[in-house]
Amino acid sequence: MNSELLETVKQAGADAWEIHENKETGWEFYFIRHNLDQNRAVNVTHTFVKLYKRSEDGKRIGSAQAELAPTSSKEVWAAELQKLLKAASLGTAENYELVSGDENAPASADFVREPIEGMASDFITMMKEIPQTATEDINSYEIFTKVSEVSYWNSNGVSLTQKVPSSFLEVIVDARNESHEIELYRSYQGGGCDRAMVGDDLQRAMAMGRDRLHTEPTPKLGTYPVVFTTGDAVSFYNFFLQQLSADAVYGKMSQFTIGKNICADDAAGGDRLTIRAVKELANSSANALFDADGALIRDETLLEDNIPVHFWGSRQFAQYLGLQDTFRVGNFAAAGGTHEDADLAKEDYLEPVEFSDFQVEGNGDFFGEIRLAYWHHGSEVTPVSGGSVSGNVLKLLGTLTMSKHQKQYDHALIPAWTRLDGVTVSGVENR
């Protein structure tokens, strides 16, 4: 931290302040086929200052934030801070306090397990080893590896630092036959290179591309069992996580109540859902000692057997609900269910694996247009395309069944198979 900037912030006249600094060091590579097109190194620092101003009676508070260049002069900083202070004085939010320090807690953490050049090398090697054929191959890919040194200071004497790795891989997969060619887009975010997971998924993507060239129209199945086996299922579990946030509860966007079952049909025979906040997951880009408010992160059960037990969220809205010891969730884990994969596949079901878009709304409604799905009926598996799946995850929660084994998608550890019965499947032909 620039000591002169810190002193200038302290002297600005704010009732409270926060400083966030992020020093990013990264490598980027852009490949066409397997030929390097360009690459670059990244070394940047971002410094954000947030000032708070309370009303004269202390009941209201306002805030304003801006990025300040660390190379500017004290005069430039002081002028910018006065602008922020004026803007903050116009705020009318209910008062709340910034986080205070804990002398017994660690002040720093390092989640980096290998240097960025090692991460980049792992990705490049892995991509060259992906098996390809004359009809399914890699069109292009981009690799981003980064280490962020994130620091936080506030007017209550809190001073925290953490080093966090992250990686991002974008891949275009081609599949073709004599008359058609299609492209499938894949992206993978994590703390580093998970060679086994990414490699297996890209081979599966090429197989999907091949199947996509030979699909039949999705039948109009009405209400039907649907099994989700890809990263789209994260949206379901993330919906429940967001409903457990103090921000959503305070804003009346969530009706969840501590101690009250969220499932209206809990006796329907489905699996009960348990979600935990997790401080650290292997190969996650969201591992952290502290959150954006400077609150320390810990492992904590949020939802247990369909019953909310703790809310999480921002410092501001947590205090509005009377909660003091909260934090913003980075990683989360949804406990595996009671079923083996084979149990979930005993009856007929639809397995959508490629959507043009898939969304879960704030009220639980979900919708996805099918680009590729596998219709499992009797002893046959038919690739289909077109139509859509839709429903409301809260209304269908009683039918939720999940596999025992789990799969990780960056910051989310979820059941590998997620089944909902009674999903509306709107096809493109009658059966």
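1. In this predicted model, 27 residues line the largest pocket, and Arg186, Ser187, Gly231, Asp232 and Tyr409 are the ones that lie nearest its centre. Two or more lining residues come from each of strand S8 (181-190), helix H4 (195-212), helix H5 (234-243), strand S15 (349-360) and strand S20 (406-409).

2. The space in the largest pocket amounts to about 770 Å³. Its lining comprises 12 nonpolar, seven polar and eight charged residues.

3. The second largest pocket holds about 650 Å³ of space. Its lining consists of 32 residues, with Ser148, Val164, Ser166, Ser285 and Ala286 nearest the centre. Strand S1 (16-32), strand S6 (136-154) and strand S7 (159-176) are the elements that supply two or more residues to this lining. By class, 13 of the lining residues are nonpolar, 13 are polar and six are charged.

4. Beyond its neighbours within four places in sequence, Asn154 is in contact with Trp17, Glu18, Leu98 and Val99. For Val99, the backbone oxygen lies 2.9 Å from a polar atom of the Asn154 side chain. The side chains of Asn154 and Tyr152 also make a polar contact, at 3.2 Å.

5. As for distance across the model, Asn154 and Gln359 are 205 residues apart along the chain, and their C-alpha atoms are separated by 37 Å.

Definitions and conventions: Residues numbered from 1 in each chain as written. Predicted model: local features only at pLDDT ≥ 70, side-chain atom pairs only at ≥ 80, totals over all residues. Heavy atoms only, no water. 1 Å grid on protein atoms, 1.4 Å probe; cavity = no way out; pocket = protein on both sides within 12 Å on 5 of 7 lines; lining within 4 Å. Points joined across faces, edges and corners; volume = space filled by probe spheres on them. Helix = DSSP H or I, 4+ residues; strand = E, 2+ residues; numbered from the N terminus. Nonpolar A, V, L, I, M, F, W, Y, C, P; charged D, E, K, R; others polar. Contact = heavy atoms within 4.5 Å. Polar contact = N/O pair within 3.5 Å; in protein donor to acceptor, adjacent residues only side chain to side chain.
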